[in-house]
Amino acid sequence: MEAREAGEHIERELMILMRHRELSVPRGARDGGALDRSAYVLLSRLEVQGPMSIPDFVEAFGLAPSTFTRQTAPLLRDGLVERMLDPDGGVARKFRITEEGTKRLSAQREETVTRLAEVLTDWPTERLRRFVSDLEQFNTDIERLAGRPWPRSAR
């Protein structure tokens with residue numbers, strides 16, 4: 001199989017995987033308790049990287065500042081992030097995850113991990129290791145090409 005053909009298969013499987021991601025949100029949480037995708041991603045980034053300003057988000061994600069202004073507003077309103085002065089003395093205020101944000105993110109992550117573990121329960125250990133390693137390599141190669149690495153915590 002060549003890279004182009006593999007790309008076609010991967011594109012389809014990623015599209016299907018994104019659809020299944022929606023199914024991993026607990027049914028009761030879909031009525032307002034669950035974090036939407038952008039909130040989950042932003043809170044995850046703040047959790048691993050620490051406080052970030054709008055320019056930091058722009059650099060990390062490569063999206064317009066207005067996107068992050070729009071995405072952080074409901075996080076502020078819901079008490080999931082708070083604004084703080086830049087600890088390094090910069091002029092821009094930074095956002096940091098609150099205790100409530102950490103609690104909600106952890107609860108949703110736990111639910112997602114539990115559902116993924118249900119899918120993977122019958123996979124042999126070596127297959128699990130290979131899949132995790134290949135997925136990490138796939139993501140780090142994308143990050144390298146985009147010039148936007150995602151900081152990974154040691155979990």
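The model is predicted: local features need pLDDT of at least 70, side-chain atom pairs count only at pLDDT 80 or more, and totals for chains, interfaces and linings use all residues. Residues are numbered from 1 along each chain as its sequence is written, and side-chain values use heavy atoms, with hydrogens and water left out. Helices (H or I, at least four residues) and strands (E, at least two) are DSSP runs, numbered from the N terminus.

**Nonpolar core**

- The largest nonpolar core holds 17 residues. Such a core is a set of buried Ala, Val, Leu, Ile, Met, Phe, Trp, Tyr and Cys residues joined through side-chain atoms within 4.5 Å.
- Leu35, Leu43, Leu46 and Phe57 have the most contacts inside this core.
- At least two core residues come from each of helix 2 (37-49), helix 3 (54-61), helix 4 (65-77) and strand 2 (94-97). Helix 2 gives the largest share, five residues.
- Leu46 touches Pro51, Met52, Phe57, Val81, Phe95, Arg96 and Ile97, not counting residues up to four places away in sequence. Contact means heavy atoms within 4.5 Å.

**Helix 3**

- Ile54, Phe57 and Ala60 are the buried residues of helix 3. Buried means under 20% relative accessible area, exposed over 50%, and partly exposed in between (1.4 Å probe, protein chains only).
- The buried residues of helix 3 pack against helix 2, helix 4 and strand 2.
- Gly62 follows helix 3, with a positive phi near 70°.

**Aromatic pairs**

- The whole structure has six aromatic pairs. Rings of Phe, Tyr and Trp (its six-membered ring) pair if their centres lie within 6.5 Å; planes under 30 degrees apart count as stacked, over 60 as edge-to-face and the rest as tilted.
- Phe57 and Phe95 form a tilted pair, 6.2 Å centre to centre with 40° between the planes. Phe57 lies in helix 3 and Phe95 in strand 2, so the pair ties together parts 38 residues apart in sequence.
- Phe57 is buried at 1% relative accessibility, and Phe95 is buried at 3%.
- Trp123 and Phe131 pair edge-to-face, 5.4 Å centre to centre with 70° between the planes. Trp123 is partly exposed at 24%, as is Phe131 at 42%.
- One aromatic cluster is formed by Phe57, Phe61, Phe68, Phe95 and Trp150.
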